[in-house]
Amino acid sequence: MKLRTRLTAWYAGVFLIAGVALVGLNYWLLAEWMPMEGIAVSRALPPDVAAYPGFAPVEASQLPADTLVVSGADFAANTMNTVLWQSVVALLVAAVIAVWLGWVVAGRVLAPLHAITATAHRLEAERLDRRIELDGPPDELKELADTFDGMLDRLASSFDSQKRFVANASHELRTPLAVQRTLIEVALAAPDANDDMRRLGAHLLDTNERSEKLIDGLLLLARSDRGLATRELVWLDEVVDDEIEACAALAAEKNVTFAVRTRRYLVDGDPVLLAQLVGNLLRNAVLYNVPGGSVTVELDRDLTVTNTGPTVPAQAVPGLFEPFRRLRDRTGTAGSGLGLSIVQSVARAHQGSAKARPNGGGGLVVQVSLPETGVRQPS
């Protein structure tokens, strides 16, 4: 039940309690005041006295001819009954009005909260410039809105600092690695380079490439954790086809085959991050496989990538989504330990999720859920 409905119910309930108490008090006061003896009423008698219950003519030679002596008990009962049902009707009508007024008042009271909620929904990592700027008296809601605006100011400053750090780190870390790679390649191309130097140079180049991939992965992880800077419609099935083609050489080298079954799947998101998500899933499935193994890719309600490979303990699966966490028997691979961390971060940036479970015959099943946009189309 929404807060506005609950407030309206509280307002109406309090009004009804007060109304019932007021009606009861009036009824009691009227009962105390109402006389119970005979009452002489001087007025012209109507033609048919019997049509008016409670008014009984009484013989009294001392009274004028047009005077009625009415029974006090009957008069009190009729009066009390009339007052009671009229009060109940009036109370019900007032209760309906009170519910409507309570709904209106609750809406006005909660309007600043709706403004805060709407502002929070519109916020994105790259768009922290929205503020509530609530006008009004310095009450609790104004204080809440001002506190929220202050928090947004601090968040915007923090995100700006983080973006500057990522940009600077990208430049500062890539440049030395590029210089090192160039120096190594020049040394290997020298005519006097012997076999030992070439083996050392090849090892250094491999280490350099691993460092570059690690830096790229860290920067991508930081970018996806900040949220989406841009959005556009992306056909996820086409991304899957492109990434499978990009992994073909690696799969051939590892003697791994692909089995693909997809349908048209439209996603509103960042095409670069989505390509990285799919690419990481496929490369992990190939790298952590066995010679002659297979990778099954299914895209229906979710994107599911299943590979054959070493047995994965169920208790170790949650840790695979943490940065630099790998199984002990995977440390000899070329991975950096960021693949599934990036997959989970990108999925969350797209309001999705990623989960995994051990494959029955060995290997891993990774399932990524991404919100689909548009009408489902047949494959």
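Before starting, I noted the term I need: a nonpolar core is a set of buried Ala, Val, Leu, Ile, Met, Phe, Trp, Tyr and Cys residues joined through side-chain atoms within 4.5 Å. I also kept in mind that this is a predicted model.

Entry 1, the main core. I looked up the largest nonpolar core and found 37 residues in it. The residues with the most contacts inside this core are L236, L277, V278, L281, V297, L303 and V368. Two or more residues each come from α5 (236-246), α7 (271-287), β6 (294-299), β7 (303-307), α8 (339-349) and β9 (364-369). I was pleased to see who gives the largest share: α7, with eight residues.

Setting aside neighbours within four places in sequence, I found L236 in contact with Y265, V267, V278, L299 and L370.

How many of the 11 residues of α8 are buried? I got 10, so this helix is largely enclosed by the rest of the structure. Among the buried ones are G339, S341, Q344 and S345, along with L340, I342 and V343. Just after α8, I spotted Q351 with a positive phi of about 60°.

I placed Q367 in strand β9. Its side chain makes a polar contact with the side chain of D302, at 2.7 Å. Beyond four places in sequence, Q367 is in contact with D302, L303, T304, S353, A354, K355 and R357.

How values were computed
Residues are numbered from 1 along each chain as its sequence is written. This is a predicted model: local features need pLDDT of at least 70, side-chain atom pairs count only at pLDDT 80 or more; totals for chains, interfaces and linings use all residues. Side-chain values use heavy atoms; hydrogens and water are left out. Buried means under 20% relative accessible area, exposed over 50%, partly exposed in between (1.4 Å probe, protein chains only). Helices (H or I, at least four residues) and strands (E, at least two) are DSSP runs, numbered from the N terminus. Contact means heavy atoms within 4.5 Å. A polar contact is a pair of N or O atoms within 3.5 Å; within protein, one must be able to donate a hydrogen and the other to accept it, and residues adjacent in sequence count only if both atoms are side-chain atoms.
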